[in-house]
Amino acid sequence: MSVASIDVPRWDGPLPSYDEVAQMIDHSLLRPELTAAEVEDGLATALRYRTASVCVRPADVAAAAATLLGSQVAVGTVVGFPHGGGTTRAKVFETTELVSLGAEEIDMVINIGRLRGGDIAYVQDEIARVVQAAEGRVVKVIFENAYLTDQEKTAGYKAAEAAGAAFVKTSTGFAPGGATAADIALMRRTVSPHVRVKAAGGVRSLDALLELNRLGATRFGATATAAILEDLEARRAGDPPTPSATGDITSGY
């Protein structure tokens, strides 16, 4: 599934530095059909563009950790992805194994149905157990906002904060909708300043990234990493935008 790109006006504010933007990006390598060679190419992209992290499928964590050893690019991965419907015990086991393989950041999907059904205690306990299993590593909690009401969202965000999560995150990129400006604003005003906000799904342009950053997101899941950062470099140099940097890249997450 390809989530529609976020359509925003061209950014007309001050431009951040290259490193500031690169350190907001988790380069995403989560599509199910990616080959080992394609994952390696993606890891090379993350190294070349100096992103904050890569987010790989669980089976790719060991290889990613070996490739990125000694670099400043963190190894991220997913737990309970993409549906969130596994048992808490399975999510905890998955987290423990992935940490042992070299994962430094964990993006976990909540049990969406339990949140929609009002079982906040279940959701909070599950997040807390994954946080504990991560042993101090960054845990980002994916809510799949497209399926939730604002009341459900705010209850979930508060549960994530109470459970010790480092981030609340909009979406997997595989649901009918991804990040929205309204959701970023809601997330930012619901959680305390020490809990950060990650946008994922549809962030395929520099303009979208900068607008959502203005609203409070400080990390972004992206496949269009090269286009975003090359567009930033071109604008900082005073060059006109190129089609590859501003067009709708529909390759996924």
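User: Is Glu 135 buried or exposed in this predicted model?
Analyst: Glu 135 sits in the loop between helix H6 (120-134) and strand E5 (138-142). Helices here are DSSP runs of H or I with at least four residues, strands are runs of E with at least two, and both are numbered from the N terminus. For burial, under 20% relative accessible area is buried, over 50% is exposed, and anything in between is partly exposed (1.4 Å probe, protein chains only). Glu 135 has a relative accessible area of 61%, so the label is exposed.

User: Thanks! What should I know about the numbering and the model before going on?
Analyst: Residues are numbered from 1 along each chain as its sequence is written, and side-chain values use heavy atoms, with hydrogens and water left out. Because this is a predicted model, local features need pLDDT of at least 70 and side-chain atom pairs count only at pLDDT 80 or more, while totals for chains, interfaces and linings use all residues.

User: What is phi of Glu 135 near?
Analyst: Glu 135 is a residue other than glycine, and its phi is positive. The value is near 55°.

User: Which loop holds Arg 50, and what is its phi near?
Analyst: Arg 50 is placed in the loop between helix H2 (36-49) and strand E2 (53-56). With 44% relative accessibility, Arg 50 counts as partly exposed. Its phi is positive too, in a residue other than glycine, and lies near 60°.

User: Which residues outside its sequence neighbourhood is Tyr 49 in contact with?
Analyst: Tyr 49 lies in helix H2 and is buried, since its relative accessible area is 9%. Contact means heavy atoms within 4.5 Å. Leaving aside neighbours within four places in sequence, Tyr 49 is in contact with Tyr 18, Ala 22, Thr 225, Ala 226, Leu 229 and Glu 230.

User: Helix H2 also has Gly 42; how far apart are the C-alpha atoms of Gly 42 and Leu 212?
Analyst: Gly 42 has 6% relative accessibility, so it counts as buried. Beyond four places in sequence, Gly 42 is in contact with His 27 and Leu 29. Gly 42 and Leu 212 are 170 residues apart along the chain, and their C-alpha atoms are separated by 24 Å.

User: What separates the C-alpha atoms of Ala 185 and Leu 215?
Analyst: Ala 185 belongs to helix H8 (residues 181-190) and is partly exposed because its relative accessibility is 23%. Ala 185 and Leu 215 are 30 residues apart along the chain, with their C-alpha atoms separated by 5.6 Å.

User: Which residues does Leu 101 touch?
Analyst: Leu 101 is found in helix H4, and its relative accessible area of 35% makes it partly exposed. Not counting residues up to four places away in sequence, Leu 101 touches Val 61, Ala 62 and Ala 65.

User: Which side chain makes a polar contact with the side chain of Lys 169?
Analyst: Lys 169 is in strand E6 (residues 167-169), and at 0% relative accessibility it counts as buried. A polar contact is a pair of N or O atoms within 3.5 Å; within protein, one must be able to donate a hydrogen and the other to accept it, and residues adjacent in sequence count only if both atoms are side-chain atoms. At 2.7 Å, the partner of the Lys 169 side chain is that of Asp 107.

User: Which two residues does a cis peptide bond join?
Analyst: One of the two lies in the loop between strand E3 (74-79) and helix H4 (88-101), and that residue is Pro 82. Omega of the cis bond is about 0°, and the residues joined are Phe 81 and Pro 82.

User: Stepping back, what radius of gyration does the chain have?
Analyst: The chain comes to 11 helices and 8 strands, and its C-alpha trace spans about 50 × 40 × 30 Å along its principal axes. The radius of gyration is taken over C-alpha atoms, and the globule rule is 2.2 Å times the number of residues to the power 0.38. For 253 residues, a compact globule would be near 18 Å, which agrees with the chain's value of 17 Å.

User: What share of the residues in the chain is buried?
Analyst: Among contacts between residues at least 6 apart in sequence, 71% join residues at least 24 apart. Out of the 253 residues in the chain, the buried share is 53%.
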